[in-house]
Amino acid sequence: MTSADEPILLLGGTGEARELAARLVATGTPVVSSLAGRVRQPRLPVGEVRIGGFGGVDGLREWVVDNRVRAIVDATHPFAATITRSAAEVASSTGVPLIRLRRPAWEESASDRWIRVPDMPSAAEAVRSRGAGRVFLTTGRQDVGVFADDSVAWYLIRVVDPPTGRLPARHELLQSRGPYSYADEAQILSGRQIDLLVTKNSGGDLTHAKLRAAADAGIEVVMVDRPDEPTIGKTVHSVEAAEHWVRGHLD
Ligand code: NAP
């Protein structure tokens, strides 16, 4: 392998990661996109792709060293905290440069009624404390389990693939994949008589319509704040900035 073939490792699973992969591949930059393999039919980025966990920090370090990775771009979802920590530890111990690409978080506006919570168990507690109600749960299938002990509220659970663990006693599963329009979201909120929306602060445009629809309907939103970011490596908020950084490391 010559140094020109040494790849960028692009930790993905997001639209931004796919967009960055497309830009890098288009200019002949060697890049390997990595997906966790959670979704049954993932939207694949263009270019080389590997799928599945690395086997913790040690596995990721081995992969980075064996493949002579030139730089790591962590473009995972803002709530994918474990792989983000692993990437920071590997960057720190190997000296391989690291950047995080994170879409900006959503900000509360005057028309929003947010109940901000620091994590998923606190979100479940916030729902439980309201007692009976009709909850639209959009936090993804991995986080449904924390709501499973609530037998009082009714949940509309929106997921890409069906959850495998326990579910709240009173629920309906809605299998679908975004992006969602304002009309789609308003229809769900009114059609299912939703009175509380639960979401992670994922940020970005693709799933933002539910917040506008909730605000217009006067519906409260339990907003789960993002986990803290590691201090190693810098963070940028646009695909353009990440691409610029990568090019700087290739020169
Ligand atoms: P996580 O909790 O940070 O990671 C759990 C484990 O999954 C990691 O320790 C790692 O296994 C593996 N993993 C995660 N991302 C990987 C990647 N890009 N390539 C290879 N292995 C990866 O992550 P998560 O929240 O389960 O999310 C998994 C994937 O789904 C991420 O790629 C993320 O971008 C995407 N995603 C997550 C969310 C969300 O709400 N969390 C939403 C949309 C998309 P090893 O330790 O064995 O390496």
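This is a predicted model: local features need pLDDT of at least 70, side-chain atom pairs count only at pLDDT 80 or more; totals for chains, interfaces and linings use all residues.
View 1. Which residues come nearest to the ligand? Of the 21 residues around it, they are Gly-12, Ser-34, Phe-54, Gly-55 and Lys-200.

**View 2. Helix H1 meets helix H7.** Here you can follow H1 (residues 15-26) and H7 (residues 239-250), whose axes come within 10 Å and cross at roughly 45 degrees. The two helices are therefore oblique to each other. H1 passes H7 in a right-handed crossing. On the H1 side, look for Glu-16, Glu-19, Leu-20, Arg-23 and Leu-24; on the H7 side, the contact is made by Val-239, Glu-240, Ala-242, Glu-243, Val-246 and Arg-247. Sorted by class, the contact has five nonpolar residues, six charged ones and no polar ones.

**View 3. Helix H2 meets helix H3.** The axes of H2 and H3 (residues 81-94) come within 9 Å, crossing at roughly 55 degrees. H2 and H3 are therefore oblique to each other, and their crossing is right-handed. H2 contributes Gly-56, Val-57, Leu-60, Arg-61, Val-64 and Val-65 to the contact, while H3 contributes Ser-86, Ala-87, Glu-89, Val-90, Ser-93 and Thr-94. How many nonpolar, polar and charged residues does the contact of H2 with H3 have? There are six nonpolar, four polar and two charged residues.

**View 4. Arg-68 has a positive phi.** Find Arg-68 in the loop between helix H2 (56-66) and strand E4 (71-74). Most residues other than glycine have a negative phi. Arg-68 is not a glycine, yet its phi is positive, at about 50 degrees.

**View 5. A cis peptide bond joins Gly-178 and Pro-179.** In general, most peptide bonds are trans. The bond between Gly-178 and Pro-179 is cis, with omega about 0 degrees. To find your way to Pro-179, look in the loop between strand E9 (171-175) and helix H5.

**View 6. Helix H5 meets helix H6.** Now move on to H5 (residues 182-191) and H6 (residues 209-216), with axes that come within 8 Å and cross at roughly 50 degrees. That angle makes H5 oblique to H6. H5 passes H6 in a right-handed crossing. From H5, the residues Tyr-182, Glu-185, Ala-186 and Leu-189 meet Ala-209, Lys-210, Arg-212, Ala-213, Ala-214 and Asp-216 from H6. The residues of this contact divide into six nonpolar and four charged, with no polar residues.

Technical notes:
Residues are numbered from 1 along each chain as its sequence is written. Side-chain values use heavy atoms; hydrogens and water are left out. Axes are lines fitted to C-alpha atoms, for helices over the stretch in contact, and angles run from 0 to 180 degrees between N-to-C directions. Helices (H or I, at least four residues) and strands (E, at least two) are DSSP runs, numbered from the N terminus. Angles under 35 degrees count as roughly parallel, over 145 as roughly antiparallel, 65 to 115 as roughly perpendicular and the rest as oblique. A crossing is left-handed if the near helix is turned anticlockwise from the far one by less than a right angle, and right-handed if clockwise. Contact means heavy atoms within 4.5 Å. Ala, Val, Leu, Ile, Met, Phe, Trp, Tyr, Cys and Pro count as nonpolar, Asp, Glu, Lys and Arg as charged, and the others, Gly among them, as polar. A residue is near a molecule or strand if one of its heavy atoms lies within 4 Å of it.
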